[in-house]
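I opened this notebook to record what I looked up, beginning with the ligand and moving on to the sheet.

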Amino acid sequence: MTLPTHVKLVEVGPRDGLQNESKIVPTEIKVELINRLSRTGLRVIEAGSFVSPKWVPQMADTASVLAEINRTENASYPVLVPNMRGLHDARAARAKEIAVFAAASETFSRKNINASIDESLARYQEVCDAARAHEMTIRGYISCVIWCPYEGAIRPEAVLHVAERLLSMGCYEVSLGETIGKATPGEVQRLIATLVERIPRDMLAVHFHDTYGQALANVFAALQLGIATVDSSIAGLGGCPYAPGATGNVATEDVLYMLNGLSIHTGVD
Ligand code: HMG
Ligand code: MG
């Protein structure tokens with residue numbers, strides 16, 4: 001068994017965590033949270049989303065958050081962007097990195113972004129072309145990579161198709177969203193084994209929600225197959241408002257504790 005010697009942690013708490021809080025967290029608390037996270041050595045901290053405030057009111061102040069945080073040199077503060085309007089707002093807020101978010105499930109795609117998978121990919125092609133023209137970096141997400149709250153099991157080939165499309169648009173990495181936290185380690189390894197036949201491991205990240213307490217085991221299962229980028233959320237906050245049943249993300253501090261125990265470097269204190 002060969003595990004990676006270094007792992008990049010992508011902190012998603014200020015976005016995936018706070019988008020799912022029933023009370024809207026005040027801007028100054030978000031700013032303080034991100035500033036404290038920056039001081040831990042985290043190099044990627046998702047700062048929010050430029051989505052419709054009617055769909056996700058919790059993220060409506062993302063421009064103010066970006067304006068007020070202390071941006072650490074060498075750290076990136078990506079923001080989710082669903083369309084050209086979001087890209088425009090992200091640029092105006094001086095975002096340097098965006099994340100586009102697609103799904104491997106047709107029904108989830110419609111529920112989350114009101115578009116079919118094909119429609120969303122066409123939209124993201126335009127977003128990515130414009131983002132690259134402005135020298136922004138682009139991360140890609142795929143939701144429902146193993147289970148969908150509406151359709152049940154999802155085929156790895158459906159994930160591969162979306163992943164290859166996102167990479168062809170210029171995403172430097174695709175994060176595999178296990179949106180409802182239902183998958184177990186064997187299922188995770190089967191998915192990754194299919195994907196790495198066509199996609200380099202260093203272009204894949206894992207993003208586990210933790211509904212059935214499987215997330216940390218799933219992270220370990222991914223590490224065993226050479227995946228070295230892990231999304232996590234401080235205090236295990238998280239969930240998607242359009243994924244019924246999903247609870248928090250795997251907690252950053254728990255992932256870090258495990259990685260420290262395995263002598264895997266993260267640069268995070
Ligand atoms: P729509 O209703 O089809 O969009 O929503 P529309 O183009 O018809 O616009 C409707 C209204 O929204 C208009 O305003 C637009 O101006 C406005 P109105 O004229 O009614 O006043 N609007 C916007 N406002 C601000 N920023 C924008 C924007 N775009 C339109 N960018 C849309 C389509 C994509 C906008 C909507 O479905 C949406 O915002 N969805 C976001 C859902 C979301 O954020 N989900 C959570 C993130 S994904 C996730 O958590 C999963 C992940 O963690 C991985 C995993 O765990 O699987 C990443
Ligand atoms: Mg998520």
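The entries below cover the ligand site and then the strands.

**Entry 1, the model.** I noted before anything else that this is a predicted model, and I read every value below as computed from that model.

I asked which residues come closest to ligand 1. Of the 26 residues that surround ligand 1, the closest are Gln 19, Lys 54, Asn 114, Ser 143 and Thr 179. I then sorted the shell by residue class and found 11 nonpolar, 11 polar and four charged residues. Looking up where the shell comes from, I found that α1 (13–17), α4 (84–92), α5 (106–113) and β6 (137–143) each supply at least two of its residues.

From the side chains, a polar atom of Gln 19 lies 2.7 Å from a ligand oxygen, and an N or O atom of Arg 15 is 3.0 Å from a ligand oxygen. From the backbone, an N or O atom of Ser 52 lies 2.9 Å from an oxygen of ligand 1. Taken alone, ligand 1 exposes 1100 Å², of which the protein buries 76%. I also checked the pockets, and ligand 1 sits in the largest pocket.

I traced an open sheet of nine strands, paired in parallel, in the order β2-β1-β11-β10-β9-β6-β5-β4-β3. Its edge strands are β2 (44–45) and β3 (48–49), each of which pairs on one side only.

How many bridges join β4 to β5? I found two between strand β4 (residues 79–80) and strand β5 (residues 97–103), which run parallel, and Leu 80 stands opposite Ala 99 in β5.

Key
Residues are numbered from 1 along each chain as its sequence is written. Chains are lettered from A and ligands numbered from 1 in the order in which they are written. This is a predicted model: local features need pLDDT of at least 70, side-chain atom pairs count only at pLDDT 80 or more; totals for chains, interfaces and linings use all residues. Side-chain values use heavy atoms; hydrogens and water are left out. A residue is near a molecule or strand if one of its heavy atoms lies within 4 Å of it. A polar contact is a pair of N or O atoms within 3.5 Å; within protein, one must be able to donate a hydrogen and the other to accept it, and residues adjacent in sequence count only if both atoms are side-chain atoms. Accessible areas come from the Shrake-Rupley method with a 1.4 Å probe; for residues, only the protein chains shown count as cover. On a 1 Å grid over the protein atoms alone, a cavity is a set of points where a 1.4 Å probe fits but cannot get out, and a pocket is an open set with protein on both sides within 12 Å along at least five of seven lines; lining residues have an atom within 4 Å of a point. A molecule sits in a cavity or pocket if more than half of its atoms lie within 2 Å of its grid points. Helices (H or I, at least four residues) and strands (E, at least two) are DSSP runs, numbered from the N terminus. Ala, Val, Leu, Ile, Met, Phe, Trp, Tyr, Cys and Pro count as nonpolar, Asp, Glu, Lys and Arg as charged, and the others, Gly among them, as polar. Two strands pair if DSSP finds at least two bridges between them.
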